[in-house]
Amino acid sequence: MTYAGDLTPHEAWQLLEDQPGAILVDVRTEAEWRFTGVPDASSLGKQAALIEWVSYPAMNRNEGFLDQLQATGVEPGQPIVFLCRSGARSIGAAEAATAAGLGPAYNVLEGFEGATDEHGHRGWQGWKGAGLPWHQG
């Protein structure tokens, strides 16, 4: 595996709670943060870092991603929990962080909203579906 591993949303929350230095990084796009909300770790005394992995609308890779990640003050050995919409883009972010010598880097399974249901709606899985704290962006 090219990153530390996958966590369920509840496992990710537990890691953030248990490890004071752990950081949550939401790698979705600004449009997603605005329209579907952002994770809220304030009850843990933390704030999610918002760093796009790809940029909307072209969905081109954010070439400044690692620089922006390092600008958060994250240091090697500090756990990083990556979150995207469904758990796919966050794998790329975790792999990039690991390759850059950061982490251990983790991916949150199902992401913020998870897959679509039979009606094409999201939000029944992932961070939101698990009932973890979030607020409207």
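Is Trp-134 buried, partly exposed or exposed? Trp-134 is partly exposed, because its relative accessible area is 35%, and that value lies between the 20% and 50% cut-offs. The model is predicted.

## Phe-112 and Trp-134

Trp-134 has an aromatic partner, Phe-112. The two ring centres are 6.1 Å apart. The planes stand at 85 degrees, and the pair is edge-to-face. It links distant parts of the chain, 22 residues apart. Phe-112 sits in the loop between strand 8 (105-108) and helix 5 (126-129). Trp-134 belongs to strand 9 (residues 134-135).

Phe-112 has a relative accessible area of 0% and is buried. Trp-134, at 35%, is partly exposed.

## Charges over the rings

Each ring of this pair also has a charged residue over it. The charged end of Arg-28 sits over the ring of Phe-112, at 4.1 Å from its centre. Lys-128 lies over the face of Trp-134, 4.1 Å from the ring centre.

Asp-26 counts as buried, at 0% relative accessibility. Arg-28 is also buried, at 0%.

How many aromatic pairs does the count give? The count comes to four. In one of them, the rings of Trp-53 and Phe-65 have centres 4.9 Å apart. Their planes are at 85 degrees, so this pair is edge-to-face. The angle is over the 60 degrees that the class requires.

Trp-53 lies in the loop between strand 4 (49-50) and strand 5 (54-55). Phe-65 lies in helix 3 (residues 65-70). The pair therefore ties together parts that are twelve residues apart in sequence. Both Trp-53 and Phe-65 are buried. Ring pairs also bring in Phe-82, and link Trp-53, Phe-65 and Phe-82 into a cluster.

The model has three salt bridges. Another joins the side chains of Arg-34 and Glu-30, at 2.6 Å from N to O. Both residues lie in helix 2 (residues 30-36). They are four residues apart, about one turn of the helix. Arg-34 counts as exposed, at 51% relative accessibility. Glu-30 counts as partly exposed, at 38%.

Glu-32 and Arg-89 also meet in a salt bridge, at 2.8 Å from N to O. Glu-32 is in helix 2 and Arg-89 in helix 4 (residues 89-99), so the pair ties together parts that are 57 residues apart in sequence. Glu-32 counts as buried, at 13% relative accessibility. Arg-89 is buried too, with a relative accessible area of 17%.

Which way do the residues of strand 2 (residues 23-26) point? Ile-23 and Val-25 point one way, and Leu-24 and Asp-26 the other way. All four residues named here are buried.

Strand 2 is paired with strand 7 (residues 80-83). Four bridges join the two, and they run parallel. The bridge partner of Ile-23 in strand 7 is Ile-80. Strand 2 also pairs with strand 4, in the parallel sense, over two bridges. In strand 4, Leu-50 is the bridge partner of Asp-26.

## Tyr-3 and its contacts

Tyr-3 lies in the segment before strand 1 (5-7). Tyr-3 counts as buried, at 11% relative accessibility. Which residues does Tyr-3 touch, not counting residues up to four places away in sequence? They are Ile-91, Ala-94, Glu-95, Thr-98, Ala-105 and Asn-107.

Glu-95 is 92 residues from Tyr-3 along the chain. Even so, the C-alpha atoms of Tyr-3 and Glu-95 are separated by 5.3 Å. The side chain of Tyr-3 also makes a polar contact with the side chain of Asp-6, at 2.7 Å.

Terms used: Residues are numbered from 1 along each chain as its sequence is written. This is a predicted model: local features need pLDDT of at least 70, side-chain atom pairs count only at pLDDT 80 or more; totals for chains, interfaces and linings use all residues. Side-chain values use heavy atoms; hydrogens and water are left out. Rings of Phe, Tyr and Trp (its six-membered ring) pair if their centres lie within 6.5 Å; planes under 30 degrees apart count as stacked, over 60 as edge-to-face and the rest as tilted. Buried means under 20% relative accessible area, exposed over 50%, partly exposed in between (1.4 Å probe, protein chains only). A charge sits over a ring if NZ of Lys or CZ of Arg is within 6 Å of the ring centre and within 35 degrees of the ring normal. A salt bridge is a side-chain nitrogen of Lys or Arg within 4 Å of a carboxyl oxygen of Asp or Glu. Two strands pair if DSSP finds at least two bridges between them. Contact means heavy atoms within 4.5 Å. A polar contact is a pair of N or O atoms within 3.5 Å; within protein, one must be able to donate a hydrogen and the other to accept it, and residues adjacent in sequence count only if both atoms are side-chain atoms.
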